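Let's go through this model together, one question at a time. Have a look at the sequence and the fold before reading on.

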Amino acid sequence: MKKVITYGSFDLFHKGHYRLLQRAKALGDYLIVGVTTEHFDEERGKLNLIDPIIKRIENVKATGFADEIIVEDHVGQKVEDIQKYQADIFTVGSDWTGKFDYLKEYCEVIYLPRTEGISSTMLRAEAYELVHMGIMGSGRIAGRFVPESRFVSGLSIDGVFNPRIKSAERFAEEHKLDFFTDDEEEFYSKVNAVNIASPHVTHYAYAKNALEHGVHVLCEKPLCLTKAQAEELYALAKAKKLVLMEAIKTAHAPGFIRLLSTVKSGTIGEVRDVEACFTRLTPDHLRELTDTECGGSFTEFGSYAILPILKILGLHYEDVEFKMFLAENGVDVYTKAYFTYPNAIATAKTGLKVKSEGQLLISGTKGYILVPSPWWLTHEFEVCYENREQNQKIATRFLGGGLRYELSDFISTINGYGKSEFKLTASESIAMAEIMEKFLAARKQMQEAK
Ligand code: C2G
């Protein structure tokens, strides 16, 4: 009996998939089909899958070609499966030609011609209207955003707004965008989503205006600097049935999601302490050191450092206290926020003129988890116990600058097929604004006391 094995995501099952399976079956007597898990697809950079695995398996089954269906969940599994199932032939579409030649050591490898004119990407584009996004502000983050957006399907970055028209023009030219403008009204009329990447102080007004014009908003952190403003924006987005998301890339990183579920599963017992640090030595002329109203280390990096604290210990801290060093102009260059919870304590540490280890340490009653620097990109973490033999290292992918994860969640939430709102809820985002408000009040007090 000749055994054939093939693999795929089989998202939005189409004729190309059907013909591949039909020909794969015809190559032998028994066909095994491996269907990828969402987690594995995420690891290999396929972020826009729509159908859940159960549906994708059912669709493969319905063709009647598969004698056996298995689940593919890790790199290297093909090598194991071919030996385990004693497959004689591995086959896949010609879009992969050459990529699986390494399997020739174990069986025959056949690349079948790909069916032209059909793909899951095409079907996704047909099923959902393209999100036309504009960028507000043309600073450093915006510059990283455009290249990353190319990895997310269903999204087109069309234009840029900046009150300084020369900046907008330069940015549009550099990133080959269709238009640039210094006119907010014109800007909102040309897009259906915006990424607000302007200075902190402008976030609230731009976000409010965009929502009022019926435009979805992805706003750089911190979304707002007061609780009331954040509450108002989320209420407005809800009333207008629009998506409002605070852009904190860590919240959408696969490794960070895995870290949180590991902590929540109780492996390190009850969490008693979370310590998160984010510092970057910054030249004096940059906005975060010159903007005396909204600049400083905590408004710049605090959102990252607060995120794991709120995610792990919750929103109901009893108290938060701030200690900081101020520069001559009153901006904080190093800050520590101390949170007290009924059964835990936490610190968020940020710096622009002090360098420290950018790690995240979560301590529990049974063990601890250490996420090495840069923890906010969450490439890996180690679960550690008193008995070191039990320690376990977990490694995950974090592709590119990581903005693709938050962007892909933003697009799927707009289109209504994503289930990612838990990654950063409105309540968490509002709690962050409240912490920023408390911090700015504490800083003001300290400036006045000086
Ligand atoms: N396919 C095809 N014609 C198309 C589209 C897809 O022949 N128009 C084939 C692909 O080449 C693949 C199979 O259908 O053999 C499944 O395609 P996808 O669902 O896109 O899966 P893919 O990402 O190719 O996964 O471990 C997974 C494998 O590496 C392949």
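Predicted model: local features only at pLDDT ≥ 70, side-chain atom pairs only at ≥ 80, totals over all residues.

Q: Is I54 buried or exposed?
A: Residues are numbered from 1 along each chain as its sequence is written, and side-chain values use heavy atoms, with hydrogens and water left out. I54 lies in helix α3, residues 53-62 (helices are DSSP runs of H or I with at least four residues, strands are runs of E with at least two, both numbered from the N terminus). Its relative accessible area is 55%, and the scale is buried under 20%, exposed over 50% and partly exposed in between, with a 1.4 Å probe and protein chains only, so I54 is exposed.

Q: How far apart are the C-alpha atoms of I54 and V35?
A: Along the chain, I54 and V35 are 19 residues apart.

Q: Which residues come nearest to the ligand?
A: There are 21 residues around the ligand, where being near takes a heavy atom within 4 Å. By type, this shell divides into seven nonpolar, eight polar and six charged residues (nonpolar: Ala, Val, Leu, Ile, Met, Phe, Trp, Tyr, Cys and Pro; charged: Asp, Glu, Lys and Arg; polar: the others, Gly among them). The ones that come nearest are K46, E72, D95, W96 and I118.

Q: Which element gives the largest share of the shell around the ligand?
A: The ligand sits in the largest pocket. Pocket here means an open set of points on a 1 Å grid over the protein atoms alone, with protein on both sides within 12 Å along at least five of seven lines, and sitting in it means that more than half of the molecule's atoms lie within 2 Å of its grid points. The elements that give two or more residues to the shell are β1 (3-8), α1 (15-26) and β4 (89-93). The largest share, three residues, comes from α1.

Q: How much of the ligand's accessible area does the protein cover?
A: Start with the polar contacts, meaning pairs of N or O atoms within 3.5 Å; within protein, one must be able to donate a hydrogen and the other to accept it, and residues adjacent in sequence count only if both atoms are side-chain atoms. Oxygen atoms of the ligand have a side-chain N or O atom of H17 at 3.4 Å, a polar side-chain atom of R44 at 3.0 Å and a backbone N or O atom of G93 at 2.9 Å. On its own the ligand has 620 Å² of accessible area (Shrake-Rupley method, 1.4 Å probe), and the protein covers 96%.

Q: Which backbone nitrogen does the side chain of D51 reach?
A: D51 is found in the loop between α2 (38-43) and α3, and it counts as buried at 7% relative accessibility. Its own backbone nitrogen lies 2.8 Å from a polar side-chain atom of D11. D11 is in the loop between β1 and α1 and is buried too, with a relative accessible area of 2%. As for the side chain of D51, at 3.0 Å it reaches the backbone nitrogen of L12.

Q: Where is P374, which a cis peptide bond joins to S373?
A: The S373 and P374 bond has an omega of about -10°. A cis peptide bond also joins K221 and P222, with omega about -10°, and P222 lies in the loop between β10 (216-220) and α10 (227-239). P374 has its place in the loop between β17 (367-371) and β18 (380-385).

Q: Is T378 buried or exposed?
A: T378 has a positive phi of about 40° although it is not a glycine, and it lies in the loop between β17 and β18. K176 is another non-glycine with a positive phi, about 55°; it sits in the loop between α7 (165-174) and β8 (179-181) and counts as exposed at 71% relative accessibility. T378 has a relative accessible area of 1%, so it is buried.

Note on methods: 1 Å grid on protein atoms, 1.4 Å probe; cavity = no way out; pocket = protein on both sides within 12 Å on 5 of 7 lines; lining within 4 Å.
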